[in-house]
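Here is a friendly walk through some backbone details of one model. Have a look at the sequence and structure first, and then we can go through them together.

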Amino acid sequence: MCNQQEAAAGLIPVAYRRPAEPGDEPDDGAAASGGAATEGGRSRGAVDSNGQRRALDYPPAPEPLPVPVIDNHTHLDFRDGAVEVSVRDALDAAELAGVKGAIQVGCDLASSRFTVEALDVEPRLLGAVAIHPNEAPLMAQAGTLESALEEIEQLAAHPRVRCIGETGLDYFRTAEDGIERQQYSFRRHIDLAKRLGLALQIHDRDAHEDVVRILREEGAPERVVFHCFSGDAELARICNAEGWYMSFAGTLTFKNAANLREALAVAELDRILVETDSPFLTPHPYRGRPNASYMVPYTVRAIAELRGSDTAELGAQLVKNTEAVYGSWALV
Ligand SMILES: [Zn+2]
């Protein structure tokens, strides 16, 4: 059980704390010096994209939200920081901050399998499974994409997998020669979501036009989410018109994200979702530190402030939108 007092706002949640005396904890060193991958999982490096060492301490917990919300996108299999946190501890810490559940998202076979296993033991989770657009071209080249897609379809049969994702296009990380394979994989995931009647979570990096074009060419699934929405007001208007959802992450709070704030300003209230994409995209002023679902309130409050809405009313609307996409979290 969590200790209410120790989980108070302004302090790092207990499960995320690095031991006070590094010498007390025998295996602290490996993780702190760069992070050894846990079995079947992945870990994030201790150096950022500019070659700078990142701070690996988790940020303090925010003031709990008046109305609990749901983190629409997290990677609990992806280790970051200097401590290892169990799925249950992660959701306990989130719950104390007013985040009552999350969508656990798979990006490859290992993390999609992890997702389904986590769904069996943690009722506060629903899941998404897919082959990530950065993985798909490599698998296609190696001749393993078709069998991987078959397994994703099998994993998606789990009653608490409610989404195919993350899929989409990433022109930032994928070179020219991989783009055709990436688009092929995206089309296959769209087809899968439609056949299984599941939502679709899209990863769109520097590829807005092609994402929209391919969705229209294929015929979009009934429920489409732009995860970590990265578009401007123009893409937000397209999403409004098409009935697609925009899931805002900590990037909304970044100083250089005026385009996202413009998008948020025009987004229809019933199309807005919130997520962490943890362990990535930690909201300002903790950018670069590890992220976790308990950090959602920072982004919820940023949305409320930018839209001039009441935090409790916004929270209730976000949950309504989330359940319109993924269905109920209740066990059946
Ligand atoms: Zn993600």
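Does aspartate 206 count as buried, exposed or partly exposed, and how many C-beta neighbours does aspartate 206 have inside 10 Å? The answer is partly exposed, because aspartate 206 has 13 C-beta neighbours inside 10 Å. For this label, a residue is buried if 20 or more other C-beta atoms lie within 10 Å of its own, exposed if 12 or fewer, and partly exposed in between, with C-beta atoms placed from the backbone.

Before going on, please note that this is a predicted model: local features need pLDDT of at least 70, side-chain atom pairs count only at pLDDT 80 or more, and totals for chains, interfaces and linings use all residues. Residue numbers start from 1 along each chain as its sequence is written.

**Positive phi**

Aspartate 206 is not a glycine, yet its phi is positive, near 55°. You will find aspartate 206 in the loop between strand S7 (199-205) and helix H7 (208-218). Helices (H or I, at least four residues) and strands (E, at least two) are DSSP runs, numbered from the N terminus.

Cysteine 228, also not a glycine, has a positive phi of about 45°. Its loop runs between strand S8 (224-227) and helix H8 (233-242). Cysteine 228 counts as buried because it has 26 C-beta neighbours inside 10 Å.

| Cis peptide bond | Omega |
|---|---|
| serine 278 to proline 279 | near 15° |
| histidine 284 to proline 285 | about 5° |
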